[in-house]
Amino acid sequence: MIRYILVDDNQRVLSAVKTKIEALPKDYELQHIKSYDSSKKAFEEVNADDYDLLIVDYEMPVYNGIELAQKIGRNKKIIFLTSTTNNEKKIINSLDISGYLSKPFDVKEFEVILKNKLIGKIKTALNTNLITLHIGSNRDVRFKTDQVYYISTSRNIHKEQPDKNCVHIYGKQDEVLFKNVRKSISELSKELNSFNFKKTSQSTIVNMSHFKDRDNAIISLHATKETFEVTTKEKLGFVAKLRAKLKF
């Protein structure tokens, strides 16, 4: 999984780049973390543990691309977006970058960089212990991967249920760790797939690291009383992931 952040002071560029990247084959395992239209905001909010690749505009107010990369992108892969060609030498000599792309964003050029300079060369092992979920513009939720046992929109055994369009995030002994997180199960399934979480139904995702037992379509986890039904739609994928995890 390659987790990437986009920074450009032009909202249309951010949208266009994200759309083109998302159109690439899913086998590339690219995950968009967040887009920033302000270098200052990116500097203030970005956490180094949350991403692997920084795609950043070369010319921006407050911090230009090089300045921002030096502040938040050390030991990260970096691709600069530039609308001029005379910046090449400055860029190449300033940082150990993966590449630069001219505007408008050429997804084919990006794909070449992806294949030659990124895939297999990003080390994420040190980053998988912590997960940060960006909830709109006003809230972020951060937790260790083994801290969360399941995430659900359903009423739990303690008769607690999230607000509409929200989830509760649960830990050991069915404790609610984070209430009313405004994220859909579909969104979270994509964001957390690489962290060993798997959807059991349209309402619930479980942490496979805490798997205890499967009795046909009913799943139980260690240190929780709640059990989970795997729907017919999710069963094939769930069982495949379970067998891959347990190596049988």
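The lining of the largest pocket in this predicted model divides into eleven nonpolar, ten polar and 13 charged residues. The pocket itself has a volume of about 920 Å³. Of its 34 lining residues, those closest to the centre are Glu-22, Gln-31, His-32, Lys-190 and Glu-191. Several helices and strands contribute at least two residues each to this lining: α1 (11-22), β2 (30-36), α2 (39-45), β6 (130-135) and α6 (185-192). Strand β2 gives the most, with seven residues.

Helix α3 spans residues 65-72, and its buried residues are Gly-65, Ile-66, Leu-68, Ala-69 and Ile-72. These residues lie on the same side of α3 because they cover an arc of only 165° around the axis. At the start of the helix, a side-chain oxygen of Asn-64 comes to within 3.1 Å of the backbone nitrogen of Ile-66.

The loop between α3 and β4 contains Asn-75, and strand β4 itself covers residues 77-82 and includes Leu-81. Leu-81 has a relative accessible area of 3%, so this residue counts as buried, the cut-off being under 20%. Leaving aside residues up to four places away in sequence, Leu-81 touches Asp-8, Val-13, Val-17, Ile-55, Val-56, Asp-57, Tyr-58, Leu-101, Lys-103 and Phe-105. By contrast, Phe-195 lies 114 residues from Leu-81 along the chain, and the C-alpha atoms of the two are separated by 30 Å.

Lys-103, one of the residues touched by Leu-81, is joined to Pro-104 by a cis peptide bond, with omega near 0°. Pro-104 is placed in the loop between β5 (99-102) and α5 (107-118).

Backbone geometry also draws attention to two asparagines. Asn-75 has a positive phi, although the residue is not a glycine, and a positive phi is likewise found at Asn-165, again not a glycine. The table sets out their values and positions.

| Residue | Phi | Loop | Relative accessible area |
|---|---|---|---|
| Asn-165 | about 65° | between β8 (150-152) and β9 (167-170) | 53% |

Technical notes:
Residues numbered from 1 in each chain as written. Predicted model: local features only at pLDDT ≥ 70, side-chain atom pairs only at ≥ 80, totals over all residues. Heavy atoms only, no water. Buried < 20%, exposed > 50% of the residue type's maximum accessible area, 1.4 Å probe, protein only. Helix = DSSP H or I, 4+ residues; strand = E, 2+ residues; numbered from the N terminus. Arc of directions from axis to C-beta. Polar contact = N/O pair within 3.5 Å; in protein donor to acceptor, adjacent residues only side chain to side chain. Contact = heavy atoms within 4.5 Å. 1 Å grid on protein atoms, 1.4 Å probe; cavity = no way out; pocket = protein on both sides within 12 Å on 5 of 7 lines; lining within 4 Å. Points joined across faces, edges and corners; volume = space filled by probe spheres on them. Nonpolar A, V, L, I, M, F, W, Y, C, P; charged D, E, K, R; others polar.
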